[in-house]
Amino acid sequence: MLWAALVSFIIVTVTFVLLSFAPNPSIQEAATQAALQGGDPAAAAERERELRGLNEPLHIRYMDFLQSVYTLDWGWSQYRSQPVTEAVYEGLYYTAQYSVPWTILTLVLGPLVGLYSAANMYSWKDHAATGFAFFGYAIPNFFFAIILLLVFAVWLEWIPVVYNANAAVFSLENVRQLILPVFVLVTGSIGGIMRVSRNESAEFQNSEFMKTARAKGVSPIRAYLYHVLRPTMVPLSTTIVGQLLALFLGSSLLVEIVFGIPGLGRITYEALVAQDTNLVLGTTLFFTFIAVVGNLLEDIVFTVLDPRISYDDR
Amino acid sequence: MTPDTDPLLEVANLRTTFDTDGGELVAVDGIDFSIDAGETVCIVGESGSGKTVATESITRLVKSPPATVTGSVRFDGEDLLEASEERLREIRGYNIAHIFQNPQEAMNHCYSVGWQITEALTIHTDASQEEARAKAIDLLDRVGIANASSRFDDYPHEFSGGQKQRVMIAMALVGDPDLLIADEPTTALDVTVQGQILKLLDDLQEEFDMGILFVTHDLGVVAQIADRIVVMYAGKVMERGDVYDVFDRPAHPYTQQLLECLPGTSDSIGGIPGSLPSPTDPPDGCRFAPRCEHAVADCEAGGQPREVEVRPGQAVSCVYYQSGYDASVVEADTGDAETSRGVGDD
Amino acid sequence: MATENQDRFDRVDWDEIAASRGRDLSVNTLGMLAFAVPLALLGLYDWRLVDEREATFGAIGYDIDITSLEYLFVFTLLLFAFYLVLPLYQNPRRTKHYWTEFKRNRPAVVSLVWLAIVFVGGLIGPLLMNAPQQDILISHQPPVYLSVDQANVANCVGEIANGRCHGTWEYPLGTTNGGRDVLTGIVYGMTTTMQIAFIATTIVAVVGISVGTVSAYAGGWVDEVLMRITDVVLSFPTFLMFLLILYIYGAGIGMFILVFSGFAWGGTARYVRSKALSISEEEYIKACRISGANTYGVVRRHVVPNTASSIITQLTLLIPGFLLFEAQLAFLGIGDTEVPTWGQLISAGRSDLAFAPWIVLAPGIVLFLTILAFNFLGDALLDALNPEAQAETDQ
C-alpha cells in the first residue's frame, strides 16, 4: 500500500520535473498571438507566465502541483471546453464498456485454455492453442483491428463501420460494435497468459501432489481445477495484471482510434494533437494511477494466493 | 497367516510397460505377490527395479498412456485392472491409500493440511464439514501432531519434514483403508525421524487392522517392519519369503549381495558391481545373470527361471535351484544353511 | 547427458580461468578494440569537427552522413560479433551442441532464417536501394500479379486490361498514395527495426547486468536502494511516460530507444541479482575466492556465463515489445518522422484500405512475422539453453 503510494508519488514528481523544464506551449502561443495582433510578445508571455503562476519559486509550484493532482483539481480542458476530470470521466464510460468484458474474458479463458493445453500436451489441441497464443501476441493489435474492420465491416458489412456513441450499454447494437475491439484485445492479452498457464500447469500436473490427489480418488476434473489450476494461479497472477495493464495502457489507445470509440485513449490522443496540456496530463495521470493500482492489486492477489508468503514479510 | 482365507490383495502376472521413443519399456515384468489383512509385505530392490511402478499399477495410478498394465490385481475378490475408472476412484483413498516418498512435494502448498486431509472424505463420503474436521483433527492427534485442532488450518510449509509425513499418513488413513501402500515413506527423512514414522505405522496397523505394502530399498527398514518380503530386480521377482527366513538364509545371489550391502554385516563396501540392465532391452535368462558372480551359461538363456520353493513360504527364481543343479553353490554361507528341499519338487 | 554437459558453457573452464589471471586481453577484446577505437575516433571527428549539416565523409568526397544512432548501431553490432558470434566460432563443439538442440525446433529455425533476412536486408538494403521517393504520378500501383480497378489508380504503370490496372515488377509490392515504393519502404524499415532491436537490447543488458551484480555484491543499503529503483522501473507505465515526454519535448527514434530500454531492464536486473546471490553461495565460487579471484573476475567468469542463457532469452522476448511500441507510435503519427518505419507505412495506407489494402498488409505482415519470429526464437532459446526446462519437456 505504502509502496503503491510511493510509486504514484514518484511518477507525479517525474511528470512535474518534465513539465517544469519544458518550454510551455501556452506561453509561446500567447507570445505568437500577441505578435500576430501587433502587441508585445514579451509582455504577453510575461502576462501568461504570471497567469499560470510560473513566476513562483520551483518548490511552491511543486507543492501546488502535488496538491492539485491529489485533490483531483486537474484544471480546464481547452480542447473539450470542460473540466479535465469530467472529460476523463466521460472517456472512462466508453473505455469501460469494452475493457470490462475484455478483462473478464481474458481472466476466465486465459488460465483455462492454458490448463486445457497442458492437459493435452503435445496433442494437436495443444499445438492449435499454442499457435493461437503466438498469433495473438505477435500480431500488432492495431493492425489486426484494421484488418478485421476491413473484412467484417467494410466487405462483409456484418458490423457497423462507425461507432455509435449513443448506443445503450446493454443493447444488441452495442454488442455488435464492441465485438471486434473486445476480440482484438482478448487475442492480444490471452496469448501470454495461456503460455504461462500452460507451462506452469504442465509442471503441476506432473507434480507429486497431483499423484497424492489421484491416490485419494480425486476425479480428473476436480484434480485439474483444485490441484493444478489453483497453484498455477500463483505465478500467473504476476503475469495477468502486467499483461492486461500493458495492453490497457498501450493498445487500447490504438484500438479506440481504429474503431472510433470516444474513450480515454482517443481523448489522450486528441489532446496530444490539440496541444491541450491539462487534458494530456490528466489522462496520462489517470492511466498512471490505474497502473499503480493494478500493480498493487497484483501484489495483494499474489500474497492472498500463495500461503507461503505472509503479509509480515512484505 | 491363514492360507484358507483369500488374501486381501492378490497380484498375479502384473506387467507394466511404457511406450517410449526408445521402444517398449518393461518396468514390471509379470510379478506375483499377495498381502493378507493386517500383514506387512515389503517390496525390496535397488532404485529402478520397478518397485514403485508395481505399487502404482495396483490402483492404476501410473499414467496411462504411456503406461499399459496387464495381469490381474484382485482386491477383496474384485479385479482392479478390470474395474472402471470410476470404480477405481472409489477405491483409491477409501479402500486403498497411498503414502509417497517425498512429503515435501506430496502436499499441495496452496491448501491447508486440514483441507487436504478431509478432501478424501469429501469425495468418498457425505460427511459434513464438522464431522470431517473432527475426524481429521482426531487423526492428526493420533499420528502425533501436537495441538492438532489449531494446526488443522496450517499450511504444509509450516510443518517439518517428519511432521509432513505424519500428516500424509493421517491423510491416507482418513478413509479407513484396508490396504496402505507406502512407497519409501521414510527415505527422505532423518534417521531418527525414520524410526518414529516406522513405529507409528506399526502401531496404526494394529489399530486399523490394515495390510501394508511397503516399498523400500533399505533392508534396515525391512527388518524393522516387514512380515514377508518380495525381492525385486529389473522388473522381476528374485526371491520371496518370510522376513526371518530371507534374512537368515537368503537363497538368491542377488538377495545375498543386497544383504551384504547392509552396514555391519560384512566387509564388502563396494555395493553390487555393474548396473541394472536396460529396461527396453532386457537380457535373456535371469535378469541378474550379467552381475551375478555364480552365473553360468544356462543363466543367460531362456526366460527368468521358474520360482522354486526352498522352504515353506520362501521361493527363489534362480537356475541353481532347478532340478539338475547344485544349489549349494549359491546358498548363503551363513553357517547352518540347510540343504535345499526345492530341487526336484514342483 | 553427463557427457553432453561438458559442452555447456555453464561449466567452469579451468584452463580459461587460469589463462585469464594475467589479465591478458582476449582475442575478442582485442578485436573489439580494433574496431571500436576507430569508430569512436570517427564519431568524435564527426561530432567536433564536422558541421552539423555537412556529411561525415564530405571532406573526402563521399556524401554519406552517419547519424549518432548509426554509430551506436555499429558499436552494438561489433559487441554482438565479438562477444556472441565469435565465441560460438571459437567453441565449435559447443556451438554444434546448441545447434543440434536448436534444430529440433523447426519453427525456430524458420524464424532464424526470417530474422536473418530482415537483418541482412536492413544492413545492406539501404546501400543498394535509393530511399523511397514521393511521386504522385505513380501512386496506388498494385503489387505485381495483382490488379486493381482502374478508377483508383491515377496513372497505371503496368498494363491495363478490362478496366483493371495490373502490377509490375518495377513496384513488386505496389506503391503508397504518395507513390512511394512499398518494398523499398519495408527494406528501409528493416534498418530501423534492427537498430531498435540491437541498441535497445544492448542498453537493457548492460544496465540490467550492472545493476543486478552491483546489487548482489554490494549488499546492504546499496542493494536496498537499487532494488527499490528496480521495483519502480518494473511498475512504471513507460508508454505513457514516453507520450508525455513526446508531448512536452518532442522525441525522435533515439529518445524512443533510450526511454524504452531505460525502463525495460528491471526484469534482467532482478534475475541477475538472484542468480549472482545463489552462485556466490556455490562451493566452487568459494574455492575461487579462496584462491584469490576478485569480485570482478567472479562476476565475469561465473555470474555472466551462468546467467547468459536466461538473459539472452529475456532480451529476445523484449524486442517484440519495442517493435510493437514503435509501430504503434508511428501509426499514431507521433513517432519519429525522420526515419522510415513499418508503422508509418501502415498508417499511410489506412485511409486507402478499402481499395489499396497492400499498403497496410505488406508492412503489417512483415511486422507480424518479425515479432512472431522473435517470440519463437526466444522460446527455442529457452529450450536449447536451459537444461532444466529441457529435462522438463522431455519427461
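1. Into which domains is chain C divided? The division gives domain 1 (26-84) and domain 2 (103-132 + 181-394), where the bounds come from an automatic or database domain assignment. This is a predicted model, in which local features need pLDDT of at least 70 and side-chain atom pairs count only at pLDDT 80 or more, while totals for chains, interfaces and linings use all residues. Residues are numbered from 1 along each chain as its sequence is written, and chains are lettered from A and ligands numbered from 1 in the order in which they are written.

2. Between the two domains of chain C, eight residues of domain 1 are in contact with six residues of domain 2, a contact being a pair of residues whose C-beta atoms, placed from the backbone, lie within 7 Å. The side of domain 1 of chain C that touches domain 2 of chain C has six nonpolar, two polar and no charged residues. Here Ala, Val, Leu, Ile, Met, Phe, Trp, Tyr, Cys and Pro count as nonpolar, Asp, Glu, Lys and Arg as charged, and the others, Gly among them, as polar.

3. Chain C as a whole contains 15 helices and three strands, which are DSSP runs numbered from the N terminus (helices: H or I, at least four residues; strands: E, at least two). Of its 395 residues, 39% count as buried, that is, with 20 or more other C-beta atoms within 10 Å of their own, the C-beta atoms being placed from the backbone. Among the contacts in chain C with a separation of 6 or more, 69% join residues 24 or more positions apart.

4. An unreviewed UniProt entry annotates "transmembrane region" in chain C, including residues 71-89 and 239-265; such annotations may be inferred rather than shown by experiment. In the model, residues 71-89 of chain C are 100% helix and 0% strand, with end C-alpha atoms 26 Å apart. Residues 239-265 of chain C are 78% helix and 0% strand, and their end C-alpha atoms are 15 Å apart.

5. Where chain C meets chain A, the contact takes 34 residues from chain C and 30 residues from chain A. On the chain C side, helix H8 (238-249), helix H12 (295-332) and helix H14 (358-385) each supply at least two residues. That side of chain C divides into 27 nonpolar, five polar and two charged residues.

6. The contact of chain B with chain A takes 21 residues from chain B and 16 residues from chain A. Helix H2 (85-91), helix H3 (103-106) and helix H4 (113-124) of chain B each give two or more residues to the side that touches chain A, and the largest share, four residues, comes from H4(B). By class, this side of chain B has nine nonpolar, seven polar and five charged residues.

7. Chain A deserves a look at one helix, H8 (residues 172-205), which spans only 41 Å between its end C-alpha atoms, whereas a straight helix of 34 residues would span 50 Å at 1.5 Å a residue; the expected span is 1.5 Å times one less than the number of residues. A kink of about 40° lies at Leu178(A) in this helix, shortly before the proline Pro181(A), the bend being the angle between axes fitted to the seven residues ending at a residue and the seven starting there.

Terms used. A residue is buried if 20 or more other C-beta atoms lie within 10 Å of its own, exposed if 12 or fewer, and partly exposed in between; C-beta atoms are placed from the backbone.
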